[in-house]
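Colleague: I am new to this structure and would like to go through it with you. Could we take it one question at a time?

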Amino acid sequence: MPRAFLLIILALSPLARAVEKISYNRDIRPILSNNCFFCHGFDEKKREADLRLDTFEGATEFDAIVPGNPDESILIERISSTDKDEHMPPLDTVYRLTEKEKETLRLWIEQGAKYEDHWAFRKLTRPKVPGNDPNPIDSFLRRTWNEKGVEPVPKASPRVLLRRLSYDLRGIPPTYEEVTAFQKDPSRKNYLNFVERWVRSLEHAEHQAVRWLDLVRHADSNGMVSDEPIASGPFRKYVIEAFQQNMPFDQFTLEQLAGDLLPDRNDRTLTASAYNRLVKTNCEAGVIEKEALYALKGEHVRALGTVWLGLTTGCAECHDHKYDPILAKDYYSLAAFFDPLVEAGVYEPGDRRVPLHYLHNDPAKSAKEHALAAEIDAVRKKLYSAPIAPNDLKNWSAEVLEQDKKASATKEKTDWIWFPATLPVAHITRGDFTQTETGREVIAKPGEIKQHLCAETLTSSDFGNSEDYFINLTIDPNNKPEFVAFQIINGAYRRMGWHDDYFRTFYWGPKDHPAASKAFPTKPTHMGPLPGTGEVVRLVVPKSKLGKAAYVPQGMAWIQQGGKVTWGSSGYQTTAHRFFTNELAESTFRYFWELPLNRDDRKDFPTLLITSLKKSPAARRPIHQTVIDMAFREHQNPELTTQLNNLYREIYLHRQGATETLVSKESTPKKTHILKRGNFMDESGPVARPAIPEAFGKLDSPNPTRLDLANWIISKNNPLTARVFVNRLWHQFHGRGLSETLEDSGNQGDWPSHVDLLDWMAAEFQEDWDIRKMIRLLVTSEAYQLSSIPGSLLAQNDPTNRLHARQSRHRHTAEEIRDSALLAANLLKLTTEIPSTSFFPYQPESYWAKSNKVMFGSRYQIWETNPGQEQYQRSLYTFWKRQNHHPALLALDAPTRQECTARRAITNTPAQALALLNDPQFVEAARGLAARIIDKEDPIAHLFHLALQRDPSTAEAAEIEALHEKLLSEFKANPGAAKSLLAIGQSPPGTHDSINHAAWTATARIVLNLHEFLTRS
């Protein structure tokens, strides 16, 4: 029998284990954690018989363990007992110890029962490299191989190695030419050239970003109820740019957790702080605000634990953690770090999830944005913190109520100027105009249709009580337009609708004007001839012409074809009481203009001040007193109020064309109580103060912030972050982590196969937090370059590749498969410009229900497939709707990103084969691939070159040729089927013979579904 095989058998046999040193961390902790800690572990409230087995002191206090004497140890007695009432674990539970585990426990006690700190919690120190290999990784692995008597497999072939490297670094394959060149010169120098070129590419940054986006649960929607869009695209761009620039991981961490708190904060760090806003948010009627806020706290704490600490922190929400040193109070202390964040528990439907930050392409515009925002903050602080004299407030309140009473008794109608000649504060302003003293001047060329609009103002329309609508305008007599028009823009929840039937159009000019009919998506209403010129004219749409609208007016648009028009004030007639209420409502809307608020309170904004004043002080909730105080302060400080309005007007006009992004912002902290059993209704527990888990020490700051938390995350006092990150890198480049559990490094996590190697890599990483350096280190090791094909003995004795004596094989990710197919078809758009918005690839039309109930952010958002080159962007830019994840990505195991995902599942299902064969993306890719080979002298060879980067064997070529001939015959018999196949997808079908093209398309579909195409190594 070969010596290597004998060594493997001995190393894994009970006899070998009996003579080797038993390690608590490696051998004992998993046994106790899986079977005993639930009742005899960290959680004091669940601890049975006052016995604690997770510490030496607890285990030896009552002689459960007597070091050196297993026969006197009660633990051994109880696990060996045949008495069902004495046996441990209890026989009525699911826990069972194997005979091997019992013997291991006995040997450990016999050897002294030495406890060790958990590998992930102990202080990180750099182990000595146990060899002289050029790459230290190989030295650590080689020592283990020698100890286990294992021989690593040979090096992978040049083609396999280069494909592996390309996929691991970029998520796409190399070209056939690159593989051929490397086969001719597989030298280390040439290999390093590929490594260096690819790690510096944008494709590498995009590929690395996918894993981080999984981890932080980045998506384009909020994930709950109507699953509305959120402004998260710029955050994705930030992540890609961070990898592209090789941003140090400590900086990467600080900017995401606390980019808004950094002293030198800027557009980049503010965009990064959107990490805190990727939580799932609710807008469902009936949800309790306090409950929803505690749910948000929980998500913040769970994400922090998963992303950076590799701990299941969420387990401590209701009780002390069963297995790890995280107390319930630690959970709520971590939650308290996020209390100052401006966020609501229950948003209004369609809310953009304010606060937002606005990004400009022009540095000068960005500078102006920051200057105006800072000025607004300063004015708001001064205005809304002004002192309040109780008597003055009382007198003002009485006066307002008296005015309300008088207005209610007045029956006359009055004009409400909703949009003055100088547009008011509004969330949305679009179009080109020149502001003059008399109005907004617009000049259009002959035949040119120009529109400008304004929507979502400080006051909406009056919810059905409006009468006639009017606009004032002046037409230049020397440059008359062909027609003029205005639109009433409807919407819901104070949000402008973005579908055609939300715009009601009324125009003046020639009846049945052809341009007017074509210019508007819904049929416009003709109101009369073009009005007179040279003076202000009032155009009126009577209530009888307005018709019935599904939603209420949220804005107006003004339109002309050709000519010069000065647009003045616009509005509607309403009651004196509604006029008075609208004026009062402005103070409420202004204060909450960029702040989120519970949907039930926000829907009452138009009348909230009056209803608040009518309540007795004892009956008022905090929101009622807030709106009273802020309205009074505005009344007392009209100059500051006007200044604030003007600044808002200026900054929102400045933001035309800017990109919105979620941003973290702090205000008055909310309170987090240490809840009993996680019950949000019971806040009798003490208020939690921000603090890191007690077991990891304390922060120096007396009033710690998220920035202090972030600094601790990347400090050398935290032993987890570096270990967790490099373990995930190892998983990326070897198919499994040194510790298999990427999301849990606690006591329930997997014991690392090479602890010293993991610690050495973590210490190396912690020196400068250089991600690219660690990637270079991994891919230039000999271990990385090994074949993935094990010998029979290695496969038998190390089936899960725990010793890493070979490389791994696994199916590519969803993104890698789609991108590779499009690349083979020469359709993939490899860009140099990182987009901030997501694109919409083909998907079944019925997957997202269409409805006319669409406003900004509705659950009924329509999927509008992108045309042209935008359709072929890399898959990571796909619109990621958490509740309606793209079906092809979902079939291929891409996560929904409802929660943090450290490791994707890899499954093998019939749905995957169906998606790969029938999804229009893959059918079109096959068609494009066929078009690239159809005219070649040897199309089969080119097919293999483009898809698999190799030549076909003689047998493969013969089989493919036979398949093509069969398909050719079938399509000749059914030319309609050929035509239908070639019509799939947006790319032009080309001028090839349709029968032959269809046959090669069907052939290419088979090749794109080969195991070799879909699998790494």
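Colleague: How many of the 11 residues of helix α32 are buried?

Modeller: This is a predicted model, in which local features need pLDDT of at least 70 and side-chain atom pairs count only at pLDDT 80 or more, while totals for chains, interfaces and linings use all residues. Residues are numbered from 1 along each chain as its sequence is written, and side-chain values use heavy atoms, with hydrogens and water left out. Helix α32 spans residues 814-824 and is mostly covered; buried means under 20% relative accessible area, with a 1.4 Å probe and protein chains only, and helices are DSSP runs of H or I with at least four residues, numbered from the N terminus. The number of buried residues in α32 is 10.

Colleague: Which residue just after α32 takes a positive phi?

Modeller: The buried residues of α32 include Ala821, Leu822 and Ala824. Just after this helix, a positive phi of about 60 degrees is taken by asparagine 826.

Colleague: Which residues touch the most other members of the largest nonpolar core?

Modeller: A nonpolar core is a set of buried Ala, Val, Leu, Ile, Met, Phe, Trp, Tyr and Cys residues joined through side-chain atoms within 4.5 Å. The largest one has 144 residues, and those touching the most other members are Leu165 and Trp212.

Colleague: Which helix gives the most to this core?

Modeller: The helix in question covers residues 755-768 and contributes 8 residues to the core. The helix is α29.

Colleague: Which tryptophan is in contact with Phe725?

Modeller: Contact means heavy atoms within 4.5 Å. Neighbours within four places in sequence are left aside, and the list of partners also includes Val239, Phe243 and Trp308. The residue is tryptophan 212.

Colleague: Is serine 273 buried or exposed?

Modeller: Serine 273 is found in the loop between α15 (267-272) and α16 (289-309). Leaving aside neighbours within four places in sequence, its contacts include Glu255, Gly259 and Val663. Because its relative accessibility is 0%, serine 273 counts as buried.

Colleague: How far apart in space are serine 273 and glutamate 255?

Modeller: The two residues are 18 residues apart in sequence. From C-alpha to C-alpha, the distance between serine 273 and glutamate 255 is 6.2 Å.

Colleague: What is the radius of gyration of the protein?

Modeller: The radius is taken over C-alpha atoms, and the globule rule is 2.2 Å times the number of residues to the power 0.38. With 1017 residues, a compact globule would have a radius near 31 Å, which agrees with the protein's value of 34 Å.

Conventions: Buried means under 20% relative accessible area, exposed over 50%, partly exposed in between (1.4 Å probe, protein chains only). Helices (H or I, at least four residues) and strands (E, at least two) are DSSP runs, numbered from the N terminus.
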